[in-house]
Amino acid sequence: MSSRTLPLLFINLGGEMLYILDQRLRAQNIPADKAKKVMNDIITTMFNKKFLEELFKPQELYSKKALRTVFDRLAHASIMRLNQASMDKLYDLMTMAFKYQVLLCLRPKDILLVSFNHMDAIKDFVKETPSILSQVDETYQQLIEMYTPLSNGEFQLIRQTLLIFFQDMHIRVSIFLKDKVQNSNGRFVLPTSGPVPHGTQVPGLIRIFSCTGEEQTRLQFKNGGNYTSAIREGSFEIFGDRVTKLGTNMYSVSRPVETHMSGTSKNSAQHTKVNTVPNPLAKEELNMLARLMGGLEVQKAGSSDSGFRVNLFATDEEEEEALITRPDELSYGVINIQATKDQLVSAELTKIMGEFTDSGHQSPSSSSKGDDLLAMMDDL
């Protein structure tokens with residue numbers, strides 16, 4: 001498992017979240033000043049220096065529940081509010097969009113180009129706010145310094161880690177279903193045609209060489225697809241043409257987007273539910289989560305700001321129905337964490353601890369790891 005995967009996962013999911021929220025804010029005719037405030041507040045929180053310091057530390061990926069908790073906090077970093085059903089749908093769309101992009105990368109290193117497309121879009125969202133733009137540019141430099149020197153093998157490990165993270169997620173998305181790139185069971189249809197990866201040749205030729213390096217024989221074979229020569233490589237600089245369209249905004253043309261539970265997802269979730277063995281990484285996940293939450297310095301809306309609700313469904317009735325029909329096993333039950341010195345911290349983290357372990361027999365303060373967590377929270 002690659003220890004450098006978490007920043008890329010966060011940046012790409014965050015980019016998809018901003019695309020979706022921007023589309024919904026426009027669809028619901030939210031006033032431009034409020035919509036801009038929402039986007040600026042979320043991006044400011046995403047690129048908070050203390051938060052990113054924790055995010056960029058080499059570490060393994062943790063549970064989907066922990067990551068979902070972070071994005072729930074991000075989505076509510078401003079005056080906008082989402083009901084649980086809409087937050088569930090938002091997270092489903094984010095994860096399935098990025099999963100599809102990872103699957104379509106012609107080579108593992110292209111994941112970085114996808115990330116840069118998301119970063120380019122984020123910069124465009126805050127181009128009129130220099131202070132936030134500088135935060136994004138600093139992160140851009142970190143990404144370039146950390147990832148451009150990596151070998152192809154290290155990028156392959158990152159790709160495998162991402163695919164393992166997404167492997168049990170088969171949420172059907174209307175856009176993908178209409179474009180026939182996703183089957184009714186939620187699995188993606190990958191093309192067997194198109195350009196080959198940069199640095200490779202169109203398959204169909206086998207060359208046999210002698211021990212002295214001289215070519216002796218050529219054999220032709222059918223490659224089973226309609227492949228074309230590789231297109232030019234995208235730019236890995238802070239400014240440049242990424243070439244690939246993966247990671248760009250697929251919601252730029254307004255069309256309704258729905259998500260549906262597939263049978264595979266339900267079965268997988270039920271299988272997870274019956275497994276009550278405590279997760280040995282639970283306390284480590286909780287420590288990581290608490291550190292990240294400590295970095296998310298979300299500013300509370302002032303009294304002059306009136307909050308508003310965003311619905312990712314066509315109507316309130318659809319949102320309520322989605323909440324009722326969604327299997328309990330697939331609802332993350334996100335808890336709002338306040339990483340401050342108050343009594344709520346211990347109680348809420350204890351509750352999350354119980355959800356991580358799926359066992360009520362273990363207290364987070366029953367070991368040295370739990371003591372470490374409490375000591376750490378005191379320092380926040």
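Lys36 is partly exposed, with a relative accessible area of 37%, where buried means under 20%, exposed over 50% and partly exposed in between (1.4 Å probe, protein chains only). This is a predicted model, in which local features need pLDDT of at least 70 and side-chain atom pairs count only at pLDDT 80 or more, while totals for chains, interfaces and linings use all residues. Residues are numbered from 1 along each chain as its sequence is written, and side-chain values use heavy atoms, with hydrogens and water left out.

**Salt bridges**

- A salt bridge requires a side-chain nitrogen of Lys or Arg within 4 Å of a carboxyl oxygen of Asp or Glu, and by this rule the count comes to 13.
- Lys36 and Glu128 form one of them, at 3.3 Å from N to O, and the pair links distant parts of the chain, 92 residues apart.
- Asp88 and Arg68 form a salt bridge with their closest N and O atoms 2.9 Å apart, and both residues are buried.

**A buried lysine**

- Lys109 is buried yet has no salt bridge, and the nearest side chain of opposite charge, Glu233, is 4.7 Å away; here Lys and Arg count as positive and Asp and Glu as negative, while His and the chain ends are not counted.
- Leaving aside neighbours within four places in sequence, Lys109 is in contact (heavy atoms within 4.5 Å) with Thr148, Asn152, Phe155 and Phe236.

Terms used
Helices (H or I, at least four residues) and strands (E, at least two) are DSSP runs, numbered from the N terminus.
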